[in-house]
Amino acid sequence: MDLAPWWPLASGAAVRDRLVETYSDPARRYHDARHLAEVFARVDDLTAGGARFDRVAVLLAAWFHDAVYDGRPGAEERSAARARAELPALDVDDGTVTEVVRLVRLTETHRPADDDANGCVLSDADLAILAAPPARYEEYVAAVRAEYAHVPDDLFASGRAAVLRDLLAKPHLFHTAYAREHWEVPARANVEAELTGQL
């Protein structure tokens, strides 16, 4: 899977390749290179759909948003720390580094402000899996469970249900006009089906 076309910098190939290696770890079942490619593709969809945002910052944040993922608390903060540590050595200004770190942290809650164009695009691209066709959504659900294999079934079920209820309680799952038009209805149907055991 060639992710290089979405690297937005002229420099930093070594950093990019280390990130590809991280996402290609076979221990990752959902938060892997396929997920990263899907996030990039959804960013492209949002661009084509008229979203206006800082593409460099959003793509870099996408690259780093799951740079650390081990099924433990604080992964987003540790991913943000990796971005903070690695980006300054590249041709990235301080303001962009700060924005990338902020965006990575935002993926913990997926609750950007309405006027946060960068946050809305990254959040929507990251959550777009919720609107996937049923077969892909079922793969996603199974892969997430596999990533939390260390959590007992009852605890995982209650925790997952809480996440799903929190999603459904949001006025909108998505924040950009394109995502609301194209992804909101199928995403809510998938989440409700999972929550009610109808998958």
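The second largest pocket holds about 160 Å³ of space. Here a pocket is an open set of points on a 1 Å grid over the protein atoms alone, where a 1.4 Å probe fits and protein lies on both sides within 12 Å along at least five of seven lines. Its volume is the space filled by probe spheres set on the points, which are joined across faces, edges and corners. The model is a predicted one, in which local features need pLDDT of at least 70 and side-chain atom pairs count only at pLDDT 80 or more, while totals for chains, interfaces and linings use all residues. Residues are numbered from 1 along each chain as its sequence is written, and side-chain values use heavy atoms, with hydrogens and water left out.

The lining of the second largest pocket consists of 14 residues, where lining residues are those with an atom within 4 Å of a point. Nearest its centre lie Glu38, Arg42, Ala128, Ile129 and Ala132. Helix H2 (33-48) and H6 each supply at least two lining residues, and H2 gives the most, with 4 residues. Helices are DSSP runs (H or I, at least four residues), numbered from the N terminus. By class, this lining has 9 nonpolar, 1 polar and 4 charged residues; Ala, Val, Leu, Ile, Met, Phe, Trp, Tyr, Cys and Pro count as nonpolar, Asp, Glu, Lys and Arg as charged, and the others, Gly among them, as polar.

Turning to the largest pocket, its volume is about 950 Å³. Of its 34 lining residues, Tyr69, Glu76, Glu108, Tyr148 and Val163 are the closest to the centre. At least two lining residues come from each of helix H4 (75-86), helix H6 (117-127), helix H7 (134-147) and helix H8 (153-169), and H8 gives the most, with 8 residues. The lining divides into 16 nonpolar, 10 polar and 8 charged residues.

H8 also packs against another helix. Two packed helices are described by the angle between their axes and the distance between the axes. The axes of H8 and helix H10 (residues 184-195) come within 10 Å and cross at roughly 145°; axes are lines fitted to C-alpha atoms over the stretch in contact, and angles run from 0 to 180 degrees between N-to-C directions. The crossing is left-handed, a term used if the near helix is turned anticlockwise from the far one by less than a right angle. On the H8 side, Arg160, Ala161, Leu164, Arg165, Leu167 and Leu168 meet Arg188, Val191, Glu192, Glu194 and Leu195 of H10, contact meaning heavy atoms within 4.5 Å. This contact has 6 nonpolar, no polar and 5 charged residues.

Also in helix H10 is Ala187, which counts as buried because its relative accessibility is 0%. Buried means under 20% relative accessible area, exposed over 50%, and partly exposed in between (1.4 Å probe, protein chains only). Not counting residues up to four places away in sequence, Ala187 touches Leu130, Ala131, Leu173 and Phe174. Between Ala187 and Phe174 there are 13 residues in sequence and 9.4 Å in space, C-alpha to C-alpha.

Two helices are mostly covered. In H6, 10 of the 11 residues are buried, among them Cys120, Val121, Leu122 and Leu127. These buried residues of H6 pack against H2, helix H3 (55-64), H5, H8 and helix H9 (177-182). Because 8 of its 10 residues are buried, H3 is largely enclosed by the rest of the structure. The buried set of H3 runs Ala57, Val58, Leu59, Leu60, Ala61, Ala62, Trp63 and Phe64, and what covers these residues includes helix H1 (13-23), H2, H4, H5 and H6.

Helix H1 contains Val20, which is partly exposed, with a relative accessible area of 22%. Val20 touches Leu3 and Trp63, leaving out residues up to four places away in sequence.

Two loop residues complete the picture. Leu90 lies in the loop between H4 and helix H5 (94-106) and counts as buried at 16% relative accessibility. Beyond its neighbours within four places in sequence, Leu90 is in contact with Trp7, Leu9, Ser11, Gly12 and Val15. His110 lies in the loop between H5 and H6 and is buried, with a relative accessible area of 13%. Most residues other than glycine have a negative phi. The phi of His110, however, is positive, near 55°.
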